[in-house]
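Biologist: I would like to learn how to read a model of this kind. Could we take it one feature at a time?

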Amino acid sequence: MKLVTERREISSPLLRFSAPLISIGFALFVAGFLLLASGVNPLEAYREILIESLGSLYGLSETLVKTTPLIFAGLGVSLAFRMQIWNIGAEGQIYIGAMAASGVALFSGIESHGLMLLTMFLAAFTCGGLWAGVAGFLRARWQVNEVIVTLLMNYIAILLVDYLIYGPWKDPKGFNFPLTAQFSDTARLAEYFDTRLHSGFFLAVFVALLLYLFMERTIWGYQIKVIGSNPKAARYAGMKTGMAIFMVLFLSGAIAGVAGFSEVAGLQHRLQHGISPGYGYTAIIIAWLAKRSAGGVVIVAFLMGVLLVGGDSLQLLWQLPVAFVYAFQGLILFFLLASDFFILYRVKLIKGAADA
Amino acid sequence: MPDFLKIEHIRKTFPGVIALDDVSFSVAPGEIHTLLGENGAGKSTLMNVLTGLYHPDSGEIRIDGRRLSFTSPRDSLACGIGMVHQHFMLVPAHSVFENILLALDNLPNLFSRKKYRARIKQLIDEFQLDLDLDSPVWKLSIGAQQWIELIKLLLRDCRLLILDEPTAVLTPQEAERLFKVLRQLKKQGKSIIFISHKMREVMEISDQVTILKKGRSIASLTRGEYDERKLAALMIGADKIPEWQKNLQLSTQISLDIQQLSVRNDRGLSDLEDFSLQLIKGEILGIAGVAGNGQKALAEVLTGLRKASHGRIMANGEDLNNSSARHSYIAGIAHIPEDRKTIGIAPDMSIDDNLIMKSFKNSAFARGIFQDKKSIRRNAQEKIAQFAIKSGPEGTPVRYLSGGNIQKVIIARELSEKPAVLVALYPTRGLDIGSAEYVHKVIADGAAQGMSTILIAEDLDELLKLSDRIAVMFRGRLIGFVDPQNSSREEIGLMMSGETGENDGGEA
Ligand SMILES: Nc1ncnc2c1ncn2[C@@H]1O[C@H](COP(=O)(O)OP(=O)(O)OP(=O)(O)O)[C@@H](O)[C@H]1O
Ligand SMILES: [Mg+2]
């Protein structure tokens, strides 16, 4: 008897759907032991997570609030992944988007609500796009590795925002805190149900739908897929791959930039230090787990939202260390990635294997 | 003699495809056993089962009467079964010697290195291979690279060698050498499983032929029991081979006027030198030459993949080397590339998507920026039926198609645009005889409608049959034309080796 693995030639859709669910089950199981070790009943803890994040209108709204930037950034990253372009600079692009939107909100003096939001949106979109576009240009022109460029530009973006809020953009009435003045009402997105849920969430879902149509139904999406599958063949078929690399990184950064717009216009109503607690990095994991599909990004981003909100409440209720939340997230990721293995490979028990 | 290898009722399915339904045959020691079958019949899949890459759903493999079950290529190697892969697994920057050592189970130390070197030298001498152990692999011809793969297996004392379409990438001369080696191996008692679509080779080398049809072994015949016609009839049914007629009425219009074209490679040497040619509308112009004598450079410069260093390509009074003219015209040049897996297809995408790779913007497949999925599907259905592509369930990535079927996808795509000029490199390489004949028909029909073809092929029979004129190339130069009607393989062969023959027909 022998246990062997064999690469699956084509993975079945049922498996692809159920594997992540099963792996979440595993993660919950293993994390249960961690909880037991800290003297917390795991079942109670899980109930708590679900109740806190989904059990009430308030909880659900908080979950969706956290989901919103994750969807935008996840979509941006996944778009680039489709073309085998590794944009790991979504974090920086979020900051640049937030900065651009804030600049418009604070200094443009536009009075119409709609025009103000549209201008903020476009500023975030364009600046996020150009920020990532730098890496696109370097890659298309001189084959500079986009991983390094996008990553390093994160630090520049974060420090640039810090410079502004500690320096020229600091609110004079803000008791020297590193933040800008509050936006006026013209620069704020609508909020619903007396919660912090804002229209940025609906915009995110709408963008996901647009991106899906873009990828699956347009000739541009088609080209992105061909280039992602085999750039040589694409060039041979007459596609301009350099231009495509720039455009895709631009769009990828632009969508991540909109996450910055949505955060400042919908939630924080000002630019401040630490505007994204790492959404741009989580987005990489989301894009990976979502298998680069737009619908998948929305679902996985929501799952991450549940974890973030539920994890917060565990800290409050049982004084579990923050590290527990990270460990828990790590476990889920671990098992999700492990499930990839079972989607790609089949494990078989074979009798009387070759013992020659 | 007792059978060395016995395969019984092997079945292997993939989701939505029965690749192998029921296959049985056996191979005796010292036997060259040929597998023959249409594209997609399951030959490669069967070999992957034999080498432990795939595990069969059911059925048995016996070696020396013992039932075995392989779970990885390592297992089958341990049982003496080795395969020369179609895509060689070599490290280009390393030397031949290093590449061979890499294949050993334990990397040898300084002392045993010497021993291995001697042993490899001995193999090279024994089989009279033309191989320098210290030259880096990237410098070698495809044929020489194949020797390396072969030596790797011989070092491990493999008793069964599997060669999946080894001759597809070889020049006829290289193939001849390979056959000599195979015969020598056979004398030593080694068994060989050989796959080829070229009937001439099958007739020449096989002791035993097993015919696969739709995943079933339908007949095993011993040498003497079969001839070419019988094999073809068993394989596809003789009546299914398409008939076609050559268009003998040539026009006088010139579609491409190539003037003193030169192309230099990265090392500054010229791949193409002072090459001039007038391609007539509706003509099929064969290009004969030993591989590496400039054919590829010619194809690449004509299709825009490379730049000419000198000379002009005139079409409709414009020079295609001039980039703006080029861009509009390139669309009218179809190209069946030599290197099909690396530049011909997007492997993760479906047949539907691969078929429109050059025409996705056309009004037939797009409404503005949106793709017309219905007409894209319809187009795929048409092409699948027309070229008898064995495709698997809708949406299957083309990487899962058999070698010949991938080739058909590329040909179907390139010919669907009704190109003015077709540049075809080895278009029927890897196709079964029925499909090859169908491609010939499509090219001939295209010619009748005014398409000019530059046909680059190694198979002289194919060139002689299809071409209106044959140009012979040697060392990047055009050395003369021959008339296929009154020339023999031998004459052309002589010219290909650099002997300048009669130089007539140039003005034809
Ligand atoms: N990994 C796979 N997943 C799905 N289908 C496959 C896979 N490998 C092969 N097939 C299918 O199995 C069938 C047999 O393919 P195979 O490659 O064995 O054909 P073949 O006889 O070698 O053909 P050719 O002469 O064209 O090389 C084909 O229809 C192919 O599409
Ligand atoms: Mg094959």
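Modeller: We go through confidence, then a loop residue, then strands and a sheet.

Biologist: This is a predicted model. What average pLDDT does chain A have?

Modeller: Where pLDDT is low, predicted coordinates should not be read in detail. Chain A averages 87, and 90% of its residues score at least 70. Over residues 352-356 of chain A the pLDDT is below 50, and this stretch has 10 contacts in the model beyond near neighbours in sequence.

Biologist: Is His269(A) buried or exposed?

Modeller: Burial is judged against a cut-off of under 20% relative accessible area. His269(A) has 8%, so it is buried. This residue sits in the loop between α10 (241-268) and α11 (279-289) of chain A. The His269(A) side chain makes a polar contact with that of Arg188(A) at 3.5 Å. Residues touched by His269(A) include Phe183(A), Glu191(A) and Glu263(A).

Biologist: Which way do the residues of strand β6 of chain B point?

Modeller: In a regular strand, side chains alternate between the two faces of the sheet. In β6(B), Ile81(B) and Met83(B) point one way, Gly82(B) and Val84(B) the other, and all are buried. Strand β6(B) pairs in the parallel sense with β7 (residues 160-164) over 4 bridges, and Gly82(B) stands opposite Leu161(B).

Biologist: In the open sheet of 6 strands in chain B, what is the order?

Modeller: Sheet strands pair through backbone hydrogen bonds, either parallel or antiparallel. Here the order is β16-β19-β20-β13-β21-β22, with mixed pairing. β16 (333-336) and β22 (477-482) each have a single partner strand, so one side of each lacks a neighbour in the sheet.

Conventions. Residues are numbered from 1 along each chain as its sequence is written. Chains are lettered from A and ligands numbered from 1 in the order in which they are written. This is a predicted model: local features need pLDDT of at least 70, side-chain atom pairs count only at pLDDT 80 or more; totals for chains, interfaces and linings use all residues. Side-chain values use heavy atoms; hydrogens and water are left out. pLDDT is the predictor's confidence in each residue, from 0 to 100. Contact means heavy atoms within 4.5 Å. Helices (H or I, at least four residues) and strands (E, at least two) are DSSP runs, numbered from the N terminus. Buried means under 20% relative accessible area, exposed over 50%, partly exposed in between (1.4 Å probe, protein chains only). A polar contact is a pair of N or O atoms within 3.5 Å; within protein, one must be able to donate a hydrogen and the other to accept it, and residues adjacent in sequence count only if both atoms are side-chain atoms. Two strands pair if DSSP finds at least two bridges between them. Lists of a residue's contacts leave out its neighbours within four places in sequence.
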